[in-house]
Amino acid sequence: MSAPRRTCPVCSREIAVVGGRYARHDPPGRRVSYELVSCPGSRRSAPLLATEPRLFDPEEPPMEGQGQLF
């Protein structure tokens with residue numbers, strides 16, 4: 001399962017959000033040297049979403065043929 005992606009506030013790249021923080025990532029562009037340099041937006045706390053993603057729409061009626069589980 002892949003992590004949800006959001007735009008990094010520093011470099012504007014689409015970055016995975018894991019555990020409420022932006023995943024570690026390189027700044028955009030080519031590396032000048034072999035040193036690994038993380039974007040300053042790496043590991044920064046990601047803002048909460050306005051609404052939580054839902055698996056099912058609670059207002060949508062159940063499909064025909066769908067029985068109760070319990």
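Tutor: Helices (H or I, at least four residues) and strands (E, at least two) are DSSP runs, numbered from the N terminus. By that rule, the protein chain reads β-β-β along its sequence, with 0 helices and 3 strands. This is a predicted model, in which local features need pLDDT of at least 70 and side-chain atom pairs count only at pLDDT 80 or more, while totals for chains, interfaces and linings use all residues. Residues are numbered from 1 along each chain as its sequence is written, and side-chain values use heavy atoms, with hydrogens and water left out.

Student: Why are β1 and β3 called edge strands?
Tutor: The 3 strands form an open, antiparallel sheet in the order β1-β2-β3. Within this sheet, β1 (5–7) and β3 (21–22) each pair on one side only, and they are the edge strands.

Student: How do you know whether Ser12 is buried or exposed?
Tutor: Buried means under 20% relative accessible area, exposed over 50%, and partly exposed in between (1.4 Å probe, protein chains only). Ser12, in the loop between β1 and β2, has a relative accessible area of 56%, and therefore counts as exposed. Arg43, placed in the segment after β3, has 38% relative accessibility, so it is partly exposed.

Student: What makes the residues of the largest nonpolar core a core?
Tutor: A nonpolar core is a set of buried Ala, Val, Leu, Ile, Met, Phe, Trp, Tyr and Cys residues joined through side-chain atoms within 4.5 Å. The largest one has 7 residues, namely Cys8, Cys11, Ile15, Val17, Tyr22, Cys39 and Ala46. Across the protein chain, 17% of the 70 residues count as buried.

Student: Which residues does Ala46 touch?
Tutor: With contact meaning heavy atoms within 4.5 Å, and residues up to four places away in sequence not counted, Ala46 touches Arg6, Val17, Gly20, Arg21 and Tyr22.

Terms used. Two strands pair if DSSP finds at least two bridges between them.
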